[in-house]
Amino acid sequence: MSKSSSYATRKWWKESVIYQIYPSSFQDTTGNGWGDVKGITARVDYLKQLGIDVVWTSPIYKSPQADMGYDIADYKVIDPIYGSVDDVDNLVSELKKRDMKLMMDLVVNHTSNEHEWFLESRSSKTNPKRHWYIWKPPKSVSDAGVPEPPTNWAQILGEANSAWTYDNQTGEYYLSVFTPEQPDLNWENPEVREAVWDVMRFWLDRGVAGFRMDVINMISKVPTYPDAPVVLDPASHRYQPGTQFFVNGPKLHDYLQEMHREVLSKYDTITVGEMPGVSDENEILRTVGANAGELNMIFIFDLVDIDKPNVRMALKPWDVKEMKSIISRWQRCMIERDGWNSVFIENHDNPRSVTRYADDSDEWRDKSAKLLALMQTTLGGTLFVYQGEEIGMRNAPTEWSIEEEYKDIETINYWKKCKQIYKDNPKQLEHGRKIIHMKARDHARTPMQWNNQENAGFCPPGVKPWMRVMDDYKQGINAEDQMKFESDNELSTWQFWQRGIQNRKKHADVFVYGDYQEISPEDPTILAYGRTSQSGERWLVVLNFSGKDVEWALPESLKVEFWACSTYIKDQPDKPQKGKIPLKPWEGLLAKCKIE
């Protein structure tokens, strides 16, 4: 990195380990089968013991729950199902006692259609808040009197539906790119922006440390609202992806700079933007560059989109070399261009990583989960851990009934579409089922597995949880059993994560701020890289992303001082210090290297 770079300048938010909580599925303390804020507070010591610095909770604001809280009806009120503002104040206080912080989810691309702002907006064309949302007249009206949407854009969470929703009362459409219950705010209106700044100040003044910003790169739309190109078969897709007209729109950076100027610059905050659909380095660095004056970091989705063609609920083949190239690209980019990475492979919108990138079978799940933990705890950037990832939770079993067990609106809409289109094509219908089993957001939303008691300790015995608990909590995939695990030879997944986080913090100059060099980029199954601090401390990470025994040739230029850990054993592994390095299936190794 250049001498002028601030990449290695220490900041608390760079070194923090962040734990994402999906509140409905974390911990129920009221006995209604639904997680709550007091449940988060009850588990603060658990998070501290794991090594967490910042807790990020998905939305807990007042909401009709059409999209699990991402449809907000009041930004300053906590939904009664989760608790109250007082409960959040208490959570902030308990975290502060342990030198921890709270990060809230800021969802301001859209609101709920039950938000007071929208109720006023749709009440008449002359209401003062009419232009707080995006209203357009129909493109045309058919001979049968059916109004046509202003554009052919498809809804994101229901690709068979229009991104526009018709309002009979005023005879116009409003833009709702996610669902009809989530109307898009009109960020062109300065009154809307000031209302958002007011919400942010409200929570920051209560002690919240910052925000994860939901689809923040969709707040600016191309003002001419053109039709989208036809990229999906029009015979089965009346509506087309319109993302090029509302992702990273023309005024995005104006709005983010105004947000920083008016609010963020006045607080010591942590900020991370959810910015799907963007992979251009120049565009991303406009947001996360050290001198950009916008956000600390964003979630770059190249890795979690590795199996995505042009829509999320679809599959495409990928291989380890592609995965390696993505990781190395963004590690090098941020180092060379003075930006900052977020390190993550799980969240509430994606399936479980051990199922997706490795092997979640009973034989290999534990080893695979540790492999992914070793990778993430040694990559540069701010580390994000999703609830249950630390115990190696996996996707729901294929035996689960889609109609009975899956709850997410995206899954429901997708399966409904599959049954309509492929009702006479069993092969295609089975392919749709496979996509759900691999990609549904529901997989990340099953209740947290705390112990081996009924309901995995998520809610009291005899209470039916809002979503089915995975049965494998009885087979050791729960926090309590893994924390208590005792063995002369190995660590549990939880213990391995805890040690990895401790090691990351102890060697932050290397693993958080250090340089990154990929090794053996052409190897088809091994991801190997070196991490080097500015003072010259060097470590080597070797990860076998295959279910086979392999040998990896250690470059002669690397001098191993000692092998520090393996995902297979508790203590230092007995491996050769030069030549061919044997690796077991899904084995990861960490070595301290000599500097000569």
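## Basis of the description

The model is predicted, so local features need pLDDT of at least 70 and side-chain atom pairs count only at pLDDT 80 or more, while totals for chains, interfaces and linings use all residues. Residues are numbered from 1 along each chain as its sequence is written, and side-chain values use heavy atoms, with hydrogens and water left out.

## Salt bridges

Across the whole structure, a search finds 50 salt bridges, a salt bridge being a side-chain nitrogen of Lys or Arg within 4 Å of a carboxyl oxygen of Asp or Glu. Asp67, Arg312, Asp349, Asp408, Glu410, Arg441 and Arg445 are joined in a network of such bridges.

Two pairs lie within helices (DSSP runs of H or I, at least four residues, numbered from the N terminus). In helix H8 (residues 281-288), Arg286 and Glu283 are three residues apart, about one turn of the helix, and their closest N and O atoms are 3.5 Å apart. Arg286 is partly exposed at 46% relative accessibility, whereas Glu283, at 17%, is buried; buried means under 20% relative accessible area, exposed over 50%, and partly exposed in between (1.4 Å probe, protein chains only). In helix H9 (residues 320-337), Glu336 and Arg332 are four residues apart, which is about one helical turn, and their salt bridge has its closest N and O atoms 3.1 Å apart. Glu336 is exposed, with a relative accessible area of 53%, while Arg332 is partly exposed at 24%.

Glu405 forms a salt bridge with Arg468, with 3.3 Å between the closest N and O atoms. This pair links distant parts of the chain, 63 residues apart, with Glu405 in helix H12 (residues 402-405) and Arg468 in the loop between helix H14 (426-439) and helix H15 (479-484).

## A buried aspartate without a partner

Asp79 lies in the loop between strand S4 (74-78) and helix H4 (85-97), a strand being a DSSP run of E with at least two residues. Asp79 is buried yet has no salt bridge, and the nearest side chain of opposite charge, Lys62, is 7.5 Å away; in this count Lys and Arg are positive and Asp and Glu negative, with His and the chain ends not counted.

## Two helices side by side

Helix H11 (residues 365-376) and helix H16 (residues 493-506) pack at an angle of about 10°, with their axes 10 Å apart. This makes H11 roughly parallel to H16, a term for angles under 35 degrees.

Technical notes
Axes fitted to C-alpha atoms, helices over the stretch in contact; angles between N-to-C directions. Parallel < 35°, antiparallel > 145°, perpendicular 65-115°, else oblique.
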